[in-house]
Each structure stands twice: as structure tokens, then as C-alpha cells.
Amino acid sequence: MSQETEDDADRATGAGRSARALDEVDRRIVDELVRDGRTSVRTLAERIHISRTNAYARVERLVRDGVITGFRAQVAPEAAGLGTSAYMALTIEQNTWREVSAELAQVRYVEHVALLSGEHDVLALVRAPDNAALRDVVLDRVQRIAGVLSTRSWLVFEEFEGTQSPWQ
């Protein structure tokens, strides 16, 4: 079996490191659903110029393959009463990622957590009602987690979405 054939087989079974490439129709479906997760299959099919059956089957496959992991509302933090946002970098003890991440998942106002390589080990996005609540998250909750050696925070002044979605 040639290398190219083995790579194709790995992608098809999920055994390889690379995910199956999305074709143009899949990318357009994902783009439409990223913009509006409430789009009906009928509307999706009309916008992309494919049949409803094809649109339905493709969305189901994208969900089954783990490309689409869910549908949710996008919330404007400030309008929802979360007027202070900050990125918090954590330096942790080696081999404590699982325990630290389990604790971070339980901290109110922590929206997103990522394991990093580089100067810091973990980056968390915190959205709190105000600076006092942010202080409580950092000083009273996160810095008390076993395995957290230090934290560093950066306040977010403004946010925006990029205009060059990878799905277009």
C-alpha cells in the first residue's frame, strides 16, 4: 500500500493525526452555522444551493465526525452583566494539569481554558461582573488551587471577531 493510500485510509478511520479535509460545501455549511446556529436545514440548503436531503446528511455527518460539536447562543458579555474580561496566565507544577483543569472548570466566571507551551502553562478567559469579582476569581479561587504556582492577568479593553473566518 502506498503512503498516500495509507494516509487516506487513516483519515477515513480517524486513526491518523490529520482530520479529514472539508470540501467546499462542508466549509460553506460550517460558515453558515457559525454565523447563525439557528439556521434551518431548509434555509441552509437554499443558501448553499444543495438539496435539503444533502444538507441534512452533511450536517449529521459533520456532527457525527466531531467537526460540529454543538449549537449555542453567542452572548454579549457586557450586555449580560459581565463588564470585566481578562486573560489570566497560570504557571503550574509539572504533572498537575488534570487536577488544575478540573478545579478551573468549577470556578465561576472562567469561560475558556487552554493548555499552552511556552512561558505560561495555562491561559484562561475570565468574564466577571466587575473588578472586585475578577479579583476574587484570581486571588481567592485560582491562586488557591493546588498546583498553581503563579498567575498573571491582562484586562481586555475591547474585543472583536476576525473578518477572515477559516470556513469561508
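1. Threonine 39 sits in the loop between α2 (24-35) and α3 (41-48) of this predicted model. With a relative accessibility of 11%, threonine 39 counts as buried, because the cut-off for burial is under 20%. Leaving aside residues up to four places away in sequence, the contacts of threonine 39 are Glu32, Leu33, Leu44 and Arg47. A polar atom of the threonine 39 side chain lies 2.8 Å from the backbone oxygen of aspartate 36.

2. Aspartate 36 belongs to the loop between α2 and α3. At 34% relative accessibility, aspartate 36 counts as partly exposed. Aspartate 36 can also be placed relative to arginine 72: the two are 36 residues apart in sequence, and their C-alpha atoms are 9.2 Å apart in space.

3. The chain as a whole has 6 helices and 4 strands. Read from the N terminus, the order of elements is α-α-α-α-β-α-β-β-α-β. The chain has 168 residues, of which 28% are buried. Of the contacts between residues at least 6 apart in sequence, 64% join residues at least 24 apart.

4. How do α2 and α4 pack, in angle and in distance between axes? Helix α4 covers residues 52-64, and its angle with α2 is about 80°, with the axes 11 Å apart. The two helices are therefore roughly perpendicular to each other, since angles of 65 to 115 degrees fall in that class. On the α2 side the contact is made by Val25, Asp26, Ile29, Val30 and Leu33, and on the α4 side by Arg58, Val59, Arg61 and Leu62. By class, this contact has 6 nonpolar residues, 3 charged residues and no polar ones.

5. Helix α4 also packs with α3, at an angle of about 110° and with the axes 8 Å apart. α3 and α4 are therefore roughly perpendicular to each other. Val41, Arg42, Leu44 and Ala45 of α3 meet Arg52, Ala55, Tyr56 and Val59 of α4. This contact divides into 6 nonpolar and 2 charged residues, with no polar ones. Val59 is listed in the contact with α2 and in the contact with α3. Leu44 of α3 meets α4 and is also among the residues touched by threonine 39. Leu33 of α2 is likewise in the contact with α4 and among the residues touched by threonine 39.

6. Between α3 and α4 the loop holds histidine 49. Histidine 49 is not a glycine, yet has a positive phi of about 65°. Is histidine 49 buried or exposed? Its relative accessible area is 67%, so histidine 49 is exposed.

7. The strands form an open sheet of 4, in the order β2-β3-β1-β4, with antiparallel pairing. At the edges are β2 (110-115) and β4 (148-155), each of which pairs on one side only. On average, neighbouring strands of the sheet are turned by 20° against each other, direction ignored. Helix α5 (residues 97-104) packs on the sheet and touches β1, β2, β3 (122-128) and β4. The direction of α5 makes about 165° with that of β2.

8. Which strand is joined to β1 by 7 bridges? That strand is β4, running antiparallel to β1 (residues 84-92). Threonine 91 stands opposite serine 150 of β4.

9. β2 and β3 are also antiparallel, and 5 bridges pair them. Leucine 115 has valine 122 of β3 as its bridge partner. The hairpin of β2 and β3 has 6 residues between the strands, and in this hairpin glycine 118 takes a positive phi near 120°.

10. Tyrosine 109 lies in the loop between α5 and β2. This residue has a positive phi of about 85° although it is not a glycine. The relative accessible area of tyrosine 109 is 24%, so tyrosine 109 is partly exposed. Histidine 49, by contrast, counts as exposed.

Note on methods:
Residues are numbered from 1 along each chain as its sequence is written. This is a predicted model: local features need pLDDT of at least 70, side-chain atom pairs count only at pLDDT 80 or more; totals for chains, interfaces and linings use all residues. Side-chain values use heavy atoms; hydrogens and water are left out. Two strands pair if DSSP finds at least two bridges between them. Axes are lines fitted to C-alpha atoms, for helices over the stretch in contact, and angles run from 0 to 180 degrees between N-to-C directions. Contact means heavy atoms within 4.5 Å. Buried means under 20% relative accessible area, exposed over 50%, partly exposed in between (1.4 Å probe, protein chains only). A polar contact is a pair of N or O atoms within 3.5 Å; within protein, one must be able to donate a hydrogen and the other to accept it, and residues adjacent in sequence count only if both atoms are side-chain atoms. Angles under 35 degrees count as roughly parallel, over 145 as roughly antiparallel, 65 to 115 as roughly perpendicular and the rest as oblique. Ala, Val, Leu, Ile, Met, Phe, Trp, Tyr, Cys and Pro count as nonpolar, Asp, Glu, Lys and Arg as charged, and the others, Gly among them, as polar.
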